[in-house]
Amino acid sequence: MKLAEYVGAIRQRWIAIAVITVLGGIGGFLVAKTTTPIYQSTSEVFVSVSSSNSVSDLVQGSAFTQNVVQSYAQLATSPIVLEPVIAELGLESSPKDLARSITVTTPLNTFVIQIVVQSSDAEVASDIANEIARELPRTVRTLMPVENSADAIKITQISDAQVPNWPIKPNTRMLTAIGLAIGFLLGLAYAVLRSVLNVQVTDSDDLAHVS
């Protein structure tokens, strides 16, 4: 088939292409609506030097804080933190399973630890994020009792996790758009294939008549 024949095939079957495209969009929409929604909530804690007597002490304390921020971030998803969180919130989950739904990050050159929790329940996501932010300093004090040290570390929650209004996934618009795109491509393939088959049948009939 030549290019003009492809264009003709598309024009001839544009209704079928449109119908298949719409069906693809509907399919993508239904996939989005039948997928379990996932909500995300974030709490933040700030790690700082709790006391200093001089500029030198402050610099040394800040350097020490920077070094331990990464350790505290890893501690946030450890069983020693998550087990009390599970007990406090009455969750039916193991620390290992709960940790899979938690992402802890430390923005570059900051003393901030961001605790991001995902859950199929919006309120549970915010509750877990906030409880981890509260439990982390308690655990640190247990592991590192440094209240009387010049390099004492203080962990303060600076941002409460809010109950999200909308899920982060599935993305209904994106899935619908993908469905439309797939439907459109399938429609084009259908139109072209039908034209190719018709040409083959016509050529065979012509050859029979010639024979």
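This is a dialogue on how to read some features of a predicted model.

Me: What kind of model is this, and how are its residues numbered?
Reply: The model is predicted, so local features need pLDDT of at least 70 and side-chain atom pairs count only at pLDDT 80 or more, while totals for chains, interfaces and linings use all residues. Residues are numbered from 1 along each chain as its sequence is written, and side-chain values use heavy atoms, with hydrogens and water left out.

Me: How many helices and strands does the chain have?
Reply: Helices (H or I, at least four residues) and strands (E, at least two) are DSSP runs, numbered from the N terminus. Here the chain has seven helices and four strands. Starting at the N terminus, their order is α-α-β-α-α-α-β-β-α-β-α.

Me: What do the words buried and exposed stand for?
Reply: Buried means under 20% relative accessible area, exposed means over 50%, and partly exposed is in between, with a 1.4 Å probe and protein chains only. Of the 211 residues in the chain, 30% are buried. One case is Ser-41 in strand β1 (residues 39-49). Ser-41 counts as buried because its relative accessible area is 2%.

Me: Which backbone atom does the side chain of Ser-41 reach?
Reply: A polar contact is a pair of N or O atoms within 3.5 Å; within protein, one must be able to donate a hydrogen and the other to accept it, and residues adjacent in sequence count only if both atoms are side-chain atoms. The Ser-41 side chain reaches the backbone oxygen of Gln-162 at 2.7 Å.

Me: How do I read the pairing of β2 and β3?
Reply: Two strands pair if DSSP finds at least two bridges between them. Strand β2 (residues 102-105) and β3 run antiparallel and are joined by four bridges.

Me: Is β3 (residues 112-119) largely enclosed or largely open?
Reply: Strand β3 is largely enclosed by the rest of the structure, because six of its eight residues are buried.

Me: What span does helix α6 (residues 122-143) have?
Reply: The expected span of a helix is 1.5 Å times one less than its number of residues. Helix α6 has 22 residues and reaches 32 Å from its first C-alpha to its last, close to the 32 Å expected.

Me: Which residues form the network of salt bridges?
Reply: A salt bridge is a side-chain nitrogen of Lys or Arg within 4 Å of a carboxyl oxygen of Asp or Glu. The whole structure has four salt bridges. A network of them links Glu-131, Arg-134, Glu-135 and Arg-138. An α-helix has 3.6 residues a turn, so residues three or four places apart point the same way. Glu-135 and Arg-138 both lie in α6, three residues apart, about one turn of the helix. Their closest N and O atoms are 2.9 Å apart, and Arg-138 also meets Glu-131 at 3.3 Å, N to O. Glu-131 is buried at 6% and Glu-135 is buried at 10%, whereas Arg-138 is partly exposed at 37%.

Me: What about Asp-97 and Arg-100?
Reply: Asp-97 and Arg-100 form a salt bridge, with the closest N and O atoms 2.4 Å apart. Asp-97 is partly exposed at 42%, and Arg-100 is exposed at 59%.

Me: Which residues make the nonpolar surface patch?
Reply: Patches are made of residues with over 30% relative accessible area and no salt bridge: like charges are joined within 9 Å, nonpolar side chains (Val, Leu, Ile, Met, Phe, Trp, Tyr) within 5 Å. Accessible areas come from the Shrake-Rupley method with a 1.4 Å probe, and for residues only the protein chains shown count as cover. Trp-14, Ile-15, Val-19, Val-22, Leu-23, Ile-26, Phe-29 and Leu-30 make a nonpolar patch of about 790 Å². Ile-26 belongs to helix α2 (residues 14-34) and is partly exposed, at 42%. The C-alpha atoms of Ile-26 and Gly-179 are separated by 7.2 Å, although these residues are 153 apart along the chain.
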